[in-house]
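Subject: Structure handover

Dear colleague,

Please find the structure below, followed by notes on what was found in it.

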Amino acid sequence: MTSSTLNTWFPGTTAPFLCNAPMLGHTDAKVAVAVTKAGGFGYIGGGVDFSAGSAHSTRLSAELSLARDLLNLSDPKSTLPIGIGLITAVPEKLNILDGVVPLVREHRPAAVWLFAPPHRDCHAQIIPQLKSAGQEWGLKVFIQVGTVQAAREAIQDGCDVLVIQSIDAGGHQWAQGASLITLLPEVVDMLADEFGDSEVQVLAAGGVMDGRGIAAALVLGAHGVVMGTRIVATEEAPASAHTKDVLVRVRDGGQSTVKSTVFDDVRGTAIWPEVYDGRAIISETYKDYRLGLSEKENIDKYQMALASGDHSREIVWAGSGVGLITSVLPISEVVKTSQDQARKLLQNALV
């Protein structure tokens, strides 16, 4: 399989291009470095709040320093071959100029991923500031979208990479959307028809669990893929043992997961613009919500369950492909076997 523009932009990555989603709380330096060392492109979930002294800012800076150490990069001027993910839902807390830009200049990540703008102009204002900060080393900007119009706007705003997220994805996403099998080729066609010779690269996200998903995404027009839920169920991921056990045990993801805003309501993380919701494993929390339990009572039950160690109400974000996960594996094995499987499938299709 020939290398793509993405493999040129991110030296050390192998074809087909694969990165992990920057899932806050589930993707730290160890995960990102493991993905990068395996030939993928690793991402650290950065966060929402980068105001002075914020927990997200402090943690991300520490994780980026750790990633540089783990990769044995002694030259502070060298590009860090991983990316950081920013949730842009609360722009006033993001603090781009005084919080994010200094962090980018200090740690020199190869890419920044943006998701969930609350208004049309949000990313158009942020992207030029990020690219200016990382101009010296060619920083790339990824934008996560879930509709054709959002993809069009991301290109107009100056993104380098479109992450096309389907409603099969776990975690946060467009409340109203489509599968990759329809959304991805429509975005690819729009890109060709309206933006001609644009170098914008397209990644497929949502439901990609192994090489079969990678091969399908490439046939549909993607230049590479993103893995989210599958990366959570790995040895390196900082998710709890319970979360990993659930991801391995659950089957029939279309029936065992559901998209809803109630998961954020009970967790106290309802920061998302109204066009978004999240997919998670169906829990007692969701069942009570459907039965009409008040939000206050549901929150109380959720908090009491957490305090007592009762996992029945825990929120486990997961995509509808969760039933394809059968074991917790090292990240290197997930990346390499998935790429190998995709290559073989595509080669066999040409015979």
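Where does Asn95 lie? Asn95 is in the loop between helix 4 (91-94) and helix 5 (96-107); helices here are DSSP runs of H or I with at least four residues, strands are runs of E with at least two, and both are numbered from the N terminus.

This is a predicted model, in which local features need pLDDT of at least 70 and side-chain atom pairs count only at pLDDT 80 or more, while totals for chains, interfaces and linings use all residues. Residues are numbered from 1 along each chain as its sequence is written, and side-chain values use heavy atoms, with hydrogens and water left out.

Backbone

Most residues other than glycine have a negative phi, and most peptide bonds are trans. Asn95 is not a glycine, yet has a positive phi of about 55°. With 21% relative accessibility, Asn95 counts as partly exposed (buried is under 20% relative accessible area, exposed over 50%, partly exposed in between, with a 1.4 Å probe and protein chains only). Ala116 also has a positive phi, near 75°, and is found in the loop between strand 4 and helix 6. Its relative accessibility is 0%, so Ala116 counts as buried. A cis peptide bond, with omega about -5°, joins Ala15 and Pro16. Pro16 belongs to the loop between helix 1 (5-9) and strand 1 (17-20).

Eight strands make up an open sheet with parallel pairing, in the order 1-9-8-6-5-4-3-2; two strands pair if DSSP finds at least two bridges between them. Strand 1 and strand 2 (42-47) are at the edges with a single partner strand each, so one side of each has no neighbour in the sheet. On average, neighbouring strands of this sheet are turned by 25° against each other, direction ignored (axes are lines fitted to C-alpha atoms, and angles run from 0 to 180 degrees between N-to-C directions). Strand 5 and strand 6 run parallel and are joined by four bridges. The bridge partner of Gln144 in strand 6 is Val163.

Pockets

A pocket is an open set of points on a 1 Å grid over the protein atoms alone, where a 1.4 Å probe fits, with protein on both sides within 12 Å along at least five of seven lines; lining residues have an atom within 4 Å of a point. A volume is the space filled by probe spheres set on the points, which are joined across faces, edges and corners.

The largest pocket holds about 1000 Å³ of space. It is lined by 48 residues, with Met23, Leu24, Gly171, His172 and Trp317 closest to its centre. Strand 3 gives the largest share of this lining, three residues.

The second largest pocket has a volume of about 290 Å³. Among its 20 lining residues, Pro117, Ala150, Glu153, Trp174 and Tyr276 lie nearest the centre. Helix 7 gives the most to this lining, five residues.

Aromatic residues

The whole structure has 17 aromatic pairs; rings of Phe, Tyr and Trp (its six-membered ring) pair if their centres lie within 6.5 Å, and planes under 30 degrees apart count as stacked, over 60 as edge-to-face and the rest as tilted. Trp272 and Tyr276 form an edge-to-face pair, 6.4 Å centre to centre with 65° between the planes. Both Trp272 and Tyr276 are buried. One aromatic cluster is formed by Phe10, Phe17, Phe41, Tyr43, Trp113 and Phe142.

Regards
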